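The paragraphs below lead a new reader through one protein model. Please keep the sequence and the structure in view while reading.

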Amino acid sequence: MEYLLGYVAFVFCFFFVGTIILFAIEKLLVVAFETLKEFLYPTPKLSKEEANKIYKEASDFVHSKHRPWMYDDTFAEYLALVHEMSEKR
C-alpha cells in the first residue's frame, strides 16, 4: 500500500511537470512564430490621415447614439469601435 501511494504521487508529479513543460514550449513556439511572421510580413500601418478619419467616424457614431441612461462608458465603446474599424482597413 505504501508503494502504491508513492507510485501515484510520482505519476501525478511526472504528468504535472510534463504538462507545464509542454505548455511553456507551446507558448514559446507561438511567440516565435508570431515574431517571425511579423518580421517577414510586417503589418501595414495606417497613415495619419486615415487614422484621424477612423477616429472621427468612430467619435461621430458613438456620440450620435441616443442614450437615455446616465454614466454610460462611451469611451470604452469608442476604443472598441476604433479598434474594429482599424482592423477592417
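A residue is called exposed when its relative accessible area is over 50%, buried when that area is under 20%, and partly exposed in between. The model described here is predicted, and these terms are applied to it throughout.

Begin with the overall layout. The protein has three helices and zero strands, and its elements run α-α-α from the N terminus on. Of its 89 residues, 9% are buried.

Helix H2 covers residues 48-64. With 17 residues at 1.5 Å a residue, H2 should span 24 Å, and the 24 Å between its end C-alpha atoms agrees with that. Which residues of H2 are buried? They are Ala51, Ile54, Ala58 and Val62. These residues cover an arc of only 60 degrees around the axis, so they sit on the same side of H2. The other side of H2 carries the exposed residues Glu49, Lys56, His63 and Ser64.

How accessible are the two partners? Lys56 has a relative accessible area of 52% and is therefore exposed, while Asp60, at 41%, is partly exposed.

Now move to helix H3, which is made of residues 74-88. H3 has 15 residues and reaches 21 Å from its first C-alpha to its last, close to the 21 Å expected at 1.5 Å a residue. Its buried residues are Tyr78, Leu81, Val82 and Met85. Because these cover an arc of only 105 degrees around the axis, they are on the same side of H3. On the other side of H3, His83 and Glu87 are exposed.

What do the buried residues of H3 pack against? They pack against helix H2, and the buried residues of H2 in turn pack against H3. Ala58 gives a detailed view of this packing: with its neighbours within four places in sequence left aside, Ala58 is in contact with Tyr78, Leu81, Val82 and Met85.

The largest nonpolar core has seven residues, namely Ile54, Ala58, Val62, Tyr78, Leu81, Val82 and Met85. H2 and H3 are the elements that give two or more residues to this core. H3 supplies the largest share, four residues.

The remaining helix, H1, spans residues 2-40. Here the topic is aromatic rings. A pair of aromatic rings is described by the distance of the centres and the angle of the planes. How many aromatic pairs does the structure hold? It holds three. In one of them, the ring centres of Phe10 and Phe14 are 6.1 Å apart and the planes stand at 25 degrees, so this pair is stacked. Phe10 and Phe14 are four residues apart in helix H1, which means that about one helical turn separates them. Both of these residues are exposed.

Phe12 and Phe16 form another stacked pair, with 6.2 Å from centre to centre and 15 degrees between the planes. They too are four residues apart in helix H1, so about one helical turn lies between them. Phe12 has a relative accessibility of 55% and therefore counts as exposed. Phe16, at 48%, counts as partly exposed. Ring pairs also link Phe10, Phe14 and Phe15 into a cluster.

Technical notes. Residues numbered from 1 in each chain as written. Predicted model: local features only at pLDDT ≥ 70, side-chain atom pairs only at ≥ 80, totals over all residues. Heavy atoms only, no water. Expected span 1.5 Å × (residues − 1). Buried < 20%, exposed > 50% of the residue type's maximum accessible area, 1.4 Å probe, protein only. Arc of directions from axis to C-beta. Contact = heavy atoms within 4.5 Å. Phe/Tyr/Trp six-rings, centres within 6.5 Å; stacked < 30°, edge-to-face > 60°. Core = buried A, V, L, I, M, F, W, Y, C linked by side-chain atoms within 4.5 Å.
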